Amino acid sequence: MIHLDYRDSRPIYEQVKDGLRHLVVTGVMVPGDKLPSVRTLATQLAINPNTIQRAYGELETEGFVYSVTGRGTFVAEGDTQSAVRRREVADKVKPMLEELKNLGMSREELLAMWEGGNNDA
């Protein structure tokens, strides 16, 4: 379900959050699906439950999940998830695109890279 890489520079809670978000965005988990309990997922991943709680809390803030007291955490409805994630990724990509532009890469070269034709431009 979720893979943790202890060599990754990102904190564990971010890896958990990104793993769950990936499952939602790719449709592995659909709106209404119940996420594992904090304790269950912490046991499965052999990490502190507080780490899972933090990841769940941030996913709820971002609109990917919602909590029902006494029932658990569930995947949220709607297209909010994709819109939020697209905005986050775009914010990361923009500086890289700007640098490629400053290095003289043409629009055509960027489009070729986008389409998979010229990966070593």
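Analyst: The side chains of Lys 17 and Glu 62 are joined by a polar contact of 3.3 Å. A polar contact is a pair of N or O atoms within 3.5 Å, one able to donate a hydrogen and the other to accept it; residues adjacent in sequence count only through side-chain atoms. The model is predicted, so local features need pLDDT of at least 70 and side-chain atom pairs need 80 or more, while totals for chains, interfaces and linings use all residues. Residues are numbered from 1 along each chain as its sequence is written, and side-chain values use heavy atoms, without hydrogens or water.

Lys 17 belongs to helix 1, a helix being a DSSP run of H or I with at least four residues, numbered from the N terminus. Apart from its neighbours within four places in sequence, Lys 17 is in contact (heavy atoms within 4.5 Å) with Ala 55, Glu 58, Leu 59 and Glu 62. Lys 17 counts as buried because its relative accessibility is 9%; buried means under 20%, exposed over 50%, and partly exposed in between, with a 1.4 Å probe and protein chains only.

Glu 62 and Lys 17 also form a salt bridge, with their closest N and O atoms 3.3 Å apart. This pair connects distant parts of the chain, since Glu 62 is in helix 3 (residues 49–62) and Lys 17 is in helix 1, 45 residues away. A salt bridge needs a side-chain nitrogen of Lys or Arg within 4 Å of a carboxyl oxygen of Asp or Glu. At 16% relative accessibility, Glu 62 is buried too.

Glu 62 has another such partner: its side chain meets that of Arg 21 in a salt bridge of 2.8 Å, N to O. Glu 62 lies in helix 3 and Arg 21 in helix 1, so this pair ties together parts 41 residues apart in sequence. Arg 21 is buried, with a relative accessible area of 4%. Through shared partners, salt bridges link Asp 8, Arg 10, Lys 17, Asp 18, Arg 21, Arg 54, Glu 58 and Glu 62 into one network.

Arg 10 is partly exposed, with a relative accessible area of 30%. Across the whole structure, a search finds 8 salt bridges.

Now the helix that carries Lys 17. Helix 1 covers residues 12–25, and at 1.5 Å a residue its 14 residues should span 20 Å; the end C-alpha atoms are 20 Å apart, which agrees. The expected span is 1.5 Å times one less than the number of residues. The buried residues of helix 1 are Tyr 13, Gln 15, Val 16, Lys 17, Gly 19, Leu 20, Arg 21, Leu 23 and Val 24. An α-helix has 3.6 residues a turn, so residues three or four places apart point the same way.

What lies on either side of helix 1? Pro 11 sits in the segment before helix 1 and, at 36% relative accessibility, counts as partly exposed. Pro 11 is 38 residues from Pro 49 in sequence, and their C-alpha atoms are 14 Å apart in space. After helix 1 comes Gly 27, which has a positive phi near 85°.

Methods: Helices (H or I, at least four residues) and strands (E, at least two) are DSSP runs, numbered from the N terminus.
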